[in-house]
Amino acid sequence: MRTTNFILLLLLVVLFNACKPKKRSIAVGKSTSIENSPYLNQKPPGLIPMLFAPGLVSTNDWEVGGVFTPDLKEFYFLREIGEKEEDKKQVFMMIQQQGNGHWKSSEISRRVGQAVISPDGNIMHLGRRYKERTSAGWSAIKKLGSPYDTIPIMRMTSSAKGTYAFDEAVPGRSVLRYSELINGKRAAPMAFPKEINTGRFNAHPFIAPDESYVLWDGQRDNGPRNAEIYVSFKQANGRWGNAIKLGKEINTKASEFGASVTPDGKYLFFNRNTGKVRPTDKYENTDIFWVDAQVIQILKENQ
């Protein structure tokens, strides 16, 4: 009798597992854990992009905008949650190091902008708003003020010198701009040159801490609404070089956007829409990917 009951129980377990929904497969490589890694215990990638922290960060929900603080102890990103379309909402997430290789994930608030941390770790840019790091944590949200409060900014980043790089998301197009900090005073925003501001939907700029390059996404010779990531290197004469499209391992038939480099300069993070790409299609999923930042150095050496 006990044997019969055991066999029945085993069959029920097998049937239950067979009926469980399957996770979406990822064809770009598998991320594995490594104890006490500063990147959420994830095994770092090589020159082939990998899904970042599957199950912890990248899930069947929509995730974008992953950034670390300079000490690599906090990771911020946006996630869309909700089963039904009418219930969906975007939330601001944080994963914080707790010590002994443990990380704690928490929902901070509803979406308040795309977070980017300044190189010194003291400012969290949130488009045309920001937070300051205090002894008690992050401050309440503050406004940058004029002229930024009238500019539709999706993402703002800053260099170690304090130069802002941001997008002006005008309907039907988008222009990338910068503003230098000169003798402690903020200069009026200027448009990047045509080497960068060419094509359509230029957006989500990332200026390197040393201002040696700018990353952004846009459309040039690619299909409608299919963003690709570009880089421009600052030349010896101080001008920006021609836009260079990141390689085919990064720019695929999907839509890639929102690139940035970790504070230690080792890894390039970006978002990839892994669903449908036609304008009339709704995305199936968007995830965060990462790759060795040597892909940028290789492009610089070959320009």
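Is K234 buried, partly exposed or exposed? At 31% relative accessibility, K234 counts as partly exposed. Buried here means under 20% relative accessible area, exposed means over 50%, and partly exposed is in between, with a 1.4 Å probe and protein chains only.

A word on the source. This is a predicted model: local features need pLDDT of at least 70, side-chain atom pairs count only at pLDDT 80 or more, and totals for chains, interfaces and linings use all residues. Residues are numbered from 1 along each chain as its sequence is written, and side-chain values use heavy atoms, with hydrogens and water left out.

Back to K234, and to salt bridges. The structure holds eight of them. The criterion is a side-chain nitrogen of Lys or Arg within 4 Å of a carboxyl oxygen of Asp or Glu. K234 forms one with E211, and their closest N and O atoms are 3.6 Å apart. This pair links distant parts of the chain: K234 sits in the loop between β19 and β20, E211 in the loop between β17 and β18, 23 residues apart. Strands (E, at least two residues) and helices (H or I, at least four) are DSSP runs, numbered from the N terminus. E211 counts as buried, at 7% relative accessibility.

Next, E228 and K245. Their salt bridge has its closest N and O atoms 3.2 Å apart. Again the pair links distant parts of the chain, with E228 in strand β19 and K245 in strand β20, 17 residues apart. E228 counts as buried at 8% relative accessibility. K245 counts as partly exposed at 31%.

R133 forms a salt bridge with E74, and the closest N and O atoms are 2.9 Å apart. R133 lies in strand β8 (residues 129-134) and E74 in strand β3 (residues 74-81), 59 residues apart, so this pair too links distant parts of the chain. R133 is partly exposed, with a relative accessible area of 30%. E74 counts as buried, at 10%.

Now the sheet. Four strands form an open sheet in the order β17-β18-β19-β20, with antiparallel pairing. Two strands pair if DSSP finds at least two bridges between them. The edge strands are β17 (200-207) and β20, each pairing on one side only. β19 and β20 run antiparallel and are joined by two bridges. Which residue of β20 is the bridge partner of Y230? That is K245. K245 is also the salt-bridge partner of E228.

Helix α2 packs on this sheet, touching β18, β19 and β20. Its direction makes about 55 degrees with that of β19. Axes are lines fitted to C-alpha atoms, for helices over the stretch in contact, and angles run from 0 to 180 degrees between N-to-C directions. Contact means heavy atoms within 4.5 Å.

Which residues of α2 (residues 294-302) are buried? They are V295, I296 and L299. These residues cover an arc of only 100 degrees around the axis, which puts them on the same side of α2. The arc is that of the directions from the helix axis to the C-beta atoms. Their cover includes β18 (213-219), β19 (228-233), β20 (244-245), β21 (255-261), β22 (267-273) and β23 (286-292).

On to the aromatics. There are 21 aromatic pairs. Rings of Phe, Tyr and Trp (its six-membered ring) pair if their centres lie within 6.5 Å; planes under 30 degrees apart count as stacked, over 60 as edge-to-face and the rest as tilted. F52 and F75 form a tilted pair, 5.2 Å centre to centre, with 50 degrees between the planes. F52 is in the loop between β1 and β2, F75 in strand β3, 23 residues apart. Both F52 and F75 are buried.

Y267 and W290 are also tilted: 5.2 Å centre to centre, 55 degrees between the planes. Y267 lies in strand β22 and W290 in strand β23, 23 residues apart. Y267 counts as buried at 10% relative accessibility, and W290 is buried with a relative accessible area of 0%. One aromatic cluster takes in Y39, F52, F68, F75, F77, Y267, F269 and W290.

Last, the backbone. A cis peptide bond joins S146 and P147, with omega about 0 degrees. P147 is found in the loop between β10 (142-143) and β11 (156-158). A53 is not a glycine, yet its phi is positive, near 45 degrees. H204, in strand β17, has a positive phi of about 55 degrees and is not a glycine either.
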